[in-house]
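Hi everyone, thanks for making time today. Have the structure open on your screens, and let's walk through it together.

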Amino acid sequence: EKYERLRKEHEASRKEKKLITLEAARRNCFRTEVPSPAPLIGGVVNSGPVKVKQLVDFIDWTFFFFSWRISGRFPEIFDDPVRGPEARKLYDDSLGMIERIISEDLLEIQALSGIFPAERHGDDIKIYTGGKEKSAWFRFLRNQEVKEEGKPNYCLSDFIAEKDDHAGAFVVTVKIREDLPDDFSGDDYKKIMLHILADRFAEAAAEWLHREIRVSHWGYAPDENLPASELFKVKYRGIRPAPGYPACPDHIGKKVIFDVLNATETIGVTLTESYAMVPVSSVSGYVFAAPGSVYFNVGTIGRDQLEDYARRCSITVEEAAKWLAPNLWN
């Protein structure tokens, strides 16, 4: 009875959503008219291997505790009368493990990024990876839900000007040492702690690399000096959306990122047939510098956009529907 009620509520909420046509959504787009400045360091930059010590301050501990199924913000979680003691123990154990990671080289962290000349073509971005002769396409989806007056139907391509602009991409990965010390054998707690920290260091590496891009590689924010707490709140200019997340839900985009950065050959991270990254503690994404760039949710899309997206990606509608199933209007 409970799940029948939940099912009906879910279906009702889906029916309440109202979509506009793709053409109407495109007319209500956000427009970037002024290109971002040219990067100080264009093309691909290999920033690895990255030292673990550099990344400790970039760890978002709130998500560390979430991985252990303990919900609460850091450091306020320590004051919780029920969850606080266990959170404190996990935190202390994690700091001890980080000391071992540093002293015994238990993790190898690589970071790769690139900034390329770019121009907007509708809902797509064309980037030039080797002069005007060599190019690639970032394909994106647009929000189609009915908006209030003055609120646009965003697409990531909206954050690039029609010409003379730039766009970036990145991949970071954390590899756990294969020959772990003997005391890890049979100790599930230590193994789980190491794997959770590997995930946290991958996210920390993405945060650190994005700052390096803003301050040094692209250089449009050379004086930025935000503490980690402000970084986690996205107080800086620009965004780094990742394929598979709300603003770009299609995982297929990872392949283009990997190709333009030559990620597999350079830092050893690969993609499976379903576009999962190996090692699993890896993060990839796009980089946009436009002042108006924001994170948003593509949400539900209509059949018209599904067919248009399949055509742009040169795949069948059925294949596009498979990858975009959670976003389809049923």
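Glutamine 305 has its place in helix α10. Before I go on, a word on the source: this is a predicted model, where local features need pLDDT of at least 70, side-chain atom pairs count only at pLDDT 80 or more, and totals for chains, interfaces and linings use all residues. Residues are numbered from 1 along each chain as its sequence is written, and side-chain values use heavy atoms, with hydrogens and water left out. When I say helix or strand, I mean DSSP runs, H or I of at least four residues for helices and E of at least two for strands, numbered from the N terminus.

So, is glutamine 305 buried or exposed? Glutamine 305 counts as buried because its relative accessible area is 0%. The cut-offs here are under 20% for buried, over 50% for exposed and partly exposed in between, with a 1.4 Å probe and protein chains only. Which residues does glutamine 305 touch, leaving aside its neighbours within four places in sequence? They are Leu22, Leu141, Arg142 and Gln144, where contact means heavy atoms within 4.5 Å. Serine 274, on the other hand, is 31 residues away along the chain, and its C-alpha atom is separated from that of glutamine 305 by 22 Å.

After α10 comes serine 314, with a positive phi near 60°.

Now to the rings. How many aromatic pairs does the structure hold? There are 24. Rings of Phe, Tyr and Trp (its six-membered ring) pair if their centres lie within 6.5 Å; planes under 30 degrees apart are stacked, over 60 edge-to-face, and the rest tilted. One of these pairs is phenylalanine 30 with tyrosine 154, tilted, at 5.9 Å centre to centre and 45° between the planes. This pair links distant parts of the chain, 124 residues apart: phenylalanine 30 is in the loop between α2 (22–27) and β1 (43–46), and tyrosine 154 in the loop between β4 (134–139) and β5 (165–176). Phenylalanine 30 counts as partly exposed because its relative accessibility is 24%, while tyrosine 154, at 19%, counts as buried.

Phenylalanine 159 and phenylalanine 288 make an edge-to-face pair, 6.3 Å centre to centre with 75° between the planes. Phenylalanine 159 is buried at 1% relative accessible area, and phenylalanine 288 is buried at 0%. Both pairs belong to one aromatic cluster, formed by Phe30, Phe138, Phe140, Tyr154, Phe159, Tyr286, Phe288 and Phe296.

Last stop, the largest pocket, with about 960 Å³ of space. A pocket, on a 1 Å grid over the protein atoms alone, is an open set of points where a 1.4 Å probe fits, with protein on both sides within 12 Å along at least five of seven lines; lining residues have an atom within 4 Å of a point. Grid points are joined across faces, edges and corners, and the volume is the space filled by probe spheres set on them. The lining has 36 residues, with Glu203, Arg240, Ala242, Tyr245 and Val283 nearest the centre. Which helix gives the largest share of the lining? That is α6, with six residues.
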